[in-house]
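This report is for a reader new to the structure shown below. Please look through the sequence and the model before reading on.

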Amino acid sequence: QVMQHLKDFHLFIICMLDVAPQTFRQRVHEYWFLVLKLNLFKSSQRTTPTDLKHQYWSTRIYILFLILALLFLTLYTSLIIDTKIIQIQDPPWSIVENLQIQSSTLECPCTKLSVSYKDLISLQPTYHQICSSEFVTAKWIEGLNLIASLSVESLYYADFRFSSPMFQLLKSMCDLANETVINALSMFGQNQLVTSDLLLPNVFAQRLESAISQFQLTTPNELLRLLQLTRNITYMNQFLSGSYANFYVDYEEVGEYIQTNMTLGIYGSTKTLANGTSQSCSCANDIECGRNAAFYTGPSGNRKVIYTVPGFYSRCFPVESLLPSTLQCFYSGQQCLESMTNITNEIFFLQMTKLNASESSRFMINTTINQLLGELFIESWSSKLFYRTYFNQCQPAICSYIVNTQRSTLEILTTVTGLVGGLSITLRILAPYTILACQSLLRKNRRLSAEIALQPRKIVFSLTKKN
């Protein structure tokens, strides 16, 4: 079908030429003749037919090269990408915000090089629920003291009813952790973010989040070092514990003078190992000496454990008892407080609000107090970054960015026109030499062809003559 359409179009052209007026065909022939006879290299000194032929071909070569060069220059110029630097004086936030999304080359030098963290960051900790529970309030602490005072003469020092100092210490730890965080945040807010150019939002967030992570990692260290120093000093100096957990004092009346004799003794502990052997320790030489906290009954020398408080310890000092202890006894779902009520007949234990075991937490219910303190009792941090404030503090006086654009039609024409003059002169020089080079190659090819054509005849002739 395509070939048939081409044939039909060819017949149509022939018919149109046949019916065209004679003058139209004459003008076509005249224009074609003018094109063939166009001579841009005419010379009054070279007028021989060979020279004219050479000039005609030089003109054709020149025009062909000029057209090809113009096409190439036009195409090349249209493909060139121009780079422009656009500057904005006193840029508003809305424009900068859009440019940060659209351009990756935006640069905004800051007039104020440093900004305090306190203006850029809001950090708020969320603490473990124990620090806001009833177990660190006067209700629980004074309640334990009251229960212990009712039978203080018959109670053993390791009895859980004497554990109010531990919960007082736990409250102090929560308060100290909160105070440590407040002071650390104050110091952290005084740090400066130093930038010479306005940071992009993602870079700004990365730098501040890195600073926040470092802050969260190092903040507990000072408190933990101070605590460890205090523990070492207390143990090495063998201070007498206020709860008499490491030493005990016996008073005895001697003789008829009713003279009081005081004896200072050191508490120790004995435990049975898995292999059946027993192991003893003394508060004088072992800071971890102690046992599980429990409820005891019976006189001295014949005391029996009637209930062991899970996860709680009784050691030589309240702090040494508290740090390895856990809070699992006081969570919902546990029966510790109910067992304490059954043992003591004190409804007080049932009046306490238990810790919520279903509350979201990164700590397990059997996490030790030492681990909680190591994290400053912090469940999580909520942080907020203020990039808009950073922009206002940076106060860029000027912003610049690069735009890549293609040249317009007018710019393309102007560029090509400017090159045409020099290109035309160059081609006018090269065109004649191109023709001469082509003619020289043609002559060599003809001479070589002629020699090849004559060579077989010579061989035949020489063979015939020899025979």
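## Basis

This is a predicted model, in which local features need pLDDT of at least 70 and side-chain atom pairs count only at pLDDT 80 or more, while totals for chains, interfaces and linings use all residues. Residues are numbered from 1 along each chain as its sequence is written, and side-chain values use heavy atoms, with hydrogens and water left out.

## Helices α6 and α7

Helices are DSSP runs of H or I with at least four residues, and strands are runs of E with at least two, both numbered from the N terminus. Helix α6 spans residues 138-150 and helix α7 residues 164-189; the two pack at an angle of about 165 degrees with their axes 9 Å apart. The α6 helix is therefore roughly antiparallel to α7 (an angle over 145 degrees). Axes are lines fitted to C-alpha atoms over the stretch in contact, and angles run from 0 to 180 degrees between N-to-C directions.

In contact (heavy atoms within 4.5 Å), Trp-140, Ile-141, Leu-144 and Asn-145 of α6 meet Ser-164, Phe-167 and Gln-168 of α7. The residues of this contact comprise four nonpolar, three polar and no charged.

## Two loop residues with positive phi

Leu-376, in the loop between α11 (369-374) and β11 (378-385), has a phi near 60 degrees, a positive value in a residue other than glycine. Leu-376 is buried, at 1% relative accessible area (buried means under 20%, exposed over 50%, partly exposed in between, with a 1.4 Å probe and protein chains only).

Gln-395 lies in the loop between α12 (387-394) and β12 (398-406). Its phi is near 50 degrees, again positive in a residue other than glycine. Gln-395 is partly exposed, with a relative accessible area of 46%.

Conventions: Parallel < 35°, antiparallel > 145°, perpendicular 65-115°, else oblique. Nonpolar A, V, L, I, M, F, W, Y, C, P; charged D, E, K, R; others polar.
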